[in-house]
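Here's a quick tour for anyone opening this structure for the first time. Have a look at the model, then read on.

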Amino acid sequence: MRKAVICTLFVFISANMMSQTQVIAHRGFWDTQGSAQNSIASLLKADSINCYGCEFDVRMSSDGKLIVIHDAIHGLTSIKKNTADTLTRLKLKNGESLPLLSEYLQKGTELKTRLILELKKLSTPELETKAIEQIISLVSKMQLEPRMEYISFSLHAVKEFIRLAPQGTPIYYLNGDLSPQELKAIGCTGPDYNSKVFKKNPEWITECHSLGLKVNVWTVNSEEDMQWLIKHKVDFITTDRPLVLRNLLKNY
Ligand code: MG
């Protein structure tokens with residue numbers, strides 16, 4: 001009897017020590033009724049299905065306000081050439097107004113999913129620094145620091161997040177052009193690269209892990225790619241199909 005208990009305990013501990021790939025909803029969980037990419041509804045829905053994290057995109061309006069939106073132009077309206085007042089009157093596909101970052105994060109305070117903030121490239125490095133200072137201050141006021149992760153294609157932005165965010169905050173680089181050693185050298189948490197980059201350099205996954213880096217992969221929507229990445233033990237998969245990924249993970 002005692003042996004059986006010890007054995008069960010061992011299996012339980014071993015299973016929990018094995019890191020499993022985590023699910024990140026790309027632009028929130030949007031491919032479902034009543035949702036839309038980067039909407040507050042997509043954040044609520046990502047949280048409701050227990051995603052590890054909810055990824056979303058941030059841009060800056062002409063008057064320096066931060067807006068949650070992926071594209072540089074919404075309909076016919078340029079984000080960087082219009083004020084927040086104009087932009088927040090525009091609608092998303094689910095009828096919601098474009099959210100201010102402050103509104104999005106405020107909703108995040110009521111939830112448990114991690115907030116994976118992508119700062120899109122802005123016109124100048126100075127504007128990116130200004131945006132990051134605003135983000136860090138907003139997050140601090142809302143006491144969201146332990147739940148934030150930052151990602152960007154801009155190397156300047158990544159370096160500024162590393163400089164300005166509290167130590168230990170996960171910060172990933174998206175552009176795919178730095179090796180694991182180069183990422184380690186700048187103090188990055190790891191790569192968050194397109195799956196094609198890892199298909200070309202599969203050894204980067206183990207190399208990252210041996211350097212103490214984490215590996216995130218975007219945007220993985222085919223089951224075949226998901227399986228390949230799970231088998232290669234990546235830490236996170238960012239997907240438009242969080243439920244499909246979650247179901248696949250039940251087999252591992
Ligand atoms: Mg994004």
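Let's begin with the rings: Y173, Y193, F198 and W204 form one aromatic cluster. Keep in mind that this is a predicted model, where local features need pLDDT of at least 70 and side-chain atom pairs count only at pLDDT 80 or more, while totals for chains, interfaces and linings use all residues. Residues are numbered from 1 along each chain as its sequence is written, and side-chain values use heavy atoms, with hydrogens and water left out.

**Aromatic pairs**
- Rings of Phe, Tyr and Trp (its six-membered ring) pair if their centres lie within 6.5 Å; planes under 30 degrees apart count as stacked, over 60 as edge-to-face and the rest as tilted.
- The structure holds eight such pairs.
- In one of them, the ring centres of F153 and W218 sit 5.7 Å apart with planes at 75°, so this pair is edge-to-face.
- F153 is in the loop between β7 (148–152) and α6 (155–164), while W218 is in strand β10, 65 residues apart; helices (H or I, at least four residues) and strands (E, at least two) are DSSP runs, numbered from the N terminus.
- Y193 and W204 make a tilted pair, 6.2 Å centre to centre with 55° between the planes.
- Y193 lies in strand β9 (residues 190–194) and W204 in helix α9 (residues 203–210), so they tie together parts eleven residues apart in sequence.
- Both Y193 and W204 are buried (under 20% relative accessible area; exposed is over 50%, partly exposed in between, with a 1.4 Å probe and protein chains only).

**The magnesium site**
- E55 (OE), D57 (OD) and E118 (OE) are the protein donors of the magnesium ion, at 2.0 to 2.1 Å; donors are N, O and S atoms within 2.8 Å of the metal (3.2 Å for Na, K and Ca), and water is not among the atoms, so sites may look incomplete.
- E55 belongs to strand β2 (residues 53–60) and E118 to strand β6 (residues 114–119), so the pair ties together parts 63 residues apart in sequence.
- E55 and E118 are both buried.

**Strand β11**
- F236 and T238 on one side of β11 (residues 236–239), and I237 and T239 on the other, are all buried.
- Strand β1 (residues 22–25) runs parallel to β11, joined by four bridges; two strands pair if DSSP finds at least two bridges between them.
- I24 stands opposite T238.
- Strand β10 (residues 216–218) also pairs with β11 in the parallel sense, over two bridges, and N216 stands opposite F236.
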